[in-house]
Amino acid sequence: MQPVERRWQDRYLPYLIILPALVLTIGILYPFILAVVYSLTDYRLVSPVRHFIGLTNYLDSFRDISFWSSLGVTLLYAALTIMIEVPLGLGVAMLLNHEIRGMRAFRFILIIPLMMPPVIAALMWKMIMAENGILNYFIGLIGAAPVPWLAHTYSLLSIVLIDVWLYTPFCAIILLAGLQSLPKEPYESALVDRAPGFFIFRRLTLPMLKPFLILAILFRTIDSLRMFDLVYATTKGSHSTMLMQVSAYYEAFRWYNMGKSLSHMIIIWIVIFIVSRMLVSWWNRAMQRATGTER
Amino acid sequence: MMKRSRYSTPKHRTLIWLALAGYAVFALFPLIWVVMMSFKSHIDIVSPVPKFIFTPSIENYRAILFGGQSVQYEAGQTDFLLYFRNSCIITISAVLLSLLAGVPAAYALARYRFRFKDDIAFTFLSFRFAPEVAVIIPIYILYQRLHLYNTYVGLIFVYQLITLPLIVWIVRGYFEDISVEIEQAAKLDGYSWWGVFTKIALPLVKPGLASTAVLAFIFAWNNFIFGLILGSSDTYPSTVGTLGFISYESVLWGQMAAATVITILPPLILAIFIQKYLVRGLTMGAIRG
């Protein structure tokens, strides 16, 4: 905007306009700061006194085998869901990027899981994955023994399956938007050159789609590392499905160890922050290359 | 992207259609099965051979909405209507509050240069990425002290974590899309910033604004953890209430299925209206489709 004469009200106007949102933000920010402060104490909900104990909670975590296992499960969960959802979503997006009969209906069906409360989606799958549920019935039809979907070794993979059902559409619609924004000319010349389909995919579609792929990975990483609802509604963290947020929830609201729980949350928060910073700078570079603003 | 001619043969089109139909079955099957379940009697639900054909009954819906004492169940859970109402109150108020505070903020972030602008914008965004438990624990402690625990006001405030970043970031993008010249022309005609904002800018972003509000509603509606921890049986939203059909003694499958169907109806119906704006909303405005 042109800097016209800047009177004092012009200078303070933006702050004034933003004030209500800022008040809310500070209201939200305050608990965030408390979270950091409490993580440095031995705060227990059941005892009125608390002491500043420095980094003890953090150092204890690093010596705690259950902390490492829950961090490991969380990272594994995020890796599995992303490695399935992004390629599958890309496949669906490429299928949807055609003008054929019924395409609008397909596109709407695709976003139905995405609009559902995750905890409700998990409940639906819990009903389906019940011991005598429909899924085991289908499996029995092909002669296999019933699978204890939400118990023992299968539980983490079952929750990954629910996550895939819920969030593959997220990747698909982002990547579909990406496919639809790609320029036509490279494809036209590739066709003239009679380039094989796989070559076009490797050398044209994938590189041009990179910013969209990174964005899908970014959002899915952040949400997978914070996953709570799906686990709480299905296994409640039993049988090797103790993701970080679930274990922190129990630490705080079953054992009342607020300080310890918060230290775990701050660690996962730092992990999320670092990973997303890396992905965002990667995305920025990809965007610059895509829009040709690179120097 | 152009349709490549080699994929336009009838054979290819049939293959694409079949693959998509396969995915559609995967996407829809759980939903269809649970809808069927909600109309089944308890005997049909627990039958060892799944019943695809059965006599539909609205008993489950009657039980959760009006508390009918059905023969097959020990008791009907009658609180569901309260939970549904709680969801409506909390979600709609949270979205309205976010609109009131967030839309002017989005306008300022889009139009003005001022100090700390990027920091303020980033703070809004960072709420979207924080693990919820990290912020819920201090809020839980504060709410106990301030007597906001288990109140609508407390929940509406904490729901700002979901609705405010969404509205500020996405609506800011819509304001940025309006050309500055239109607003400057209005300014030369003697409009104050308020006049420009309400008479020029707001009408221009109306469709985007409406769709963002709907999306914020959907995300707030779908939330579970805030209600679980900061609410109690008076203020639970219906996501938490639906989980209540699992008790230690038994699972009321039929009623839970009916509650599931009722809970997912509002977001699914609203989703029909915002399809065009969905990509932009889901990526916090990073993709301006």
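I take helices here to be DSSP runs of H or I with at least four residues, numbered from the N terminus. The model I examined is a predicted one.

**Entry: two loop residues**

I looked up A:Tyr256 and located it in the loop that joins helix H11 (244–253) to helix H12 (258–291) of chain A. Its phi is near 65 degrees, a positive value in a residue other than glycine. I counted 14 other C-beta atoms within 10 Å of A:Tyr256, so this residue is partly exposed.

I then turned to B:His147, which sits in the loop between helix H6 (132–146) and helix H7 (152–158) of chain B. For B:His147, too, phi is positive in a residue other than glycine, near 60 degrees. B:His147 counts as exposed, because it has 10 C-beta neighbours inside 10 Å.

**Entry: a helix pair in chain B**

I examined helix H3 (residues 59–66) and helix H13 (residues 253–271) of chain B, whose axes come within 8 Å and cross at roughly 75 degrees. From H3(B), the contact is made by B:Asn60, B:Tyr61, B:Ala63 and B:Ile64. H13(B) contributes B:Gly254, B:Gln255, B:Ala257, B:Ala258 and B:Ala259.

**Entry: chain A against chain B**

Finally, I recorded that 78 residues of chain A are in contact with 79 residues of chain B. Helix H1 (residues 8–38) of chain A supplies the largest share of chain A's side, with 18 residues. That side of chain A has 64 nonpolar, nine polar and five charged residues.

Terms used: Residues are numbered from 1 along each chain as its sequence is written. Chains are lettered from A and ligands numbered from 1 in the order in which they are written. This is a predicted model: local features need pLDDT of at least 70, side-chain atom pairs count only at pLDDT 80 or more; totals for chains, interfaces and linings use all residues. Two residues are in contact if their C-beta atoms, placed from the backbone, lie within 7 Å. Ala, Val, Leu, Ile, Met, Phe, Trp, Tyr, Cys and Pro count as nonpolar, Asp, Glu, Lys and Arg as charged, and the others, Gly among them, as polar. Axes are lines fitted to C-alpha atoms, for helices over the stretch in contact, and angles run from 0 to 180 degrees between N-to-C directions. A residue is buried if 20 or more other C-beta atoms lie within 10 Å of its own, exposed if 12 or fewer, and partly exposed in between; C-beta atoms are placed from the backbone.
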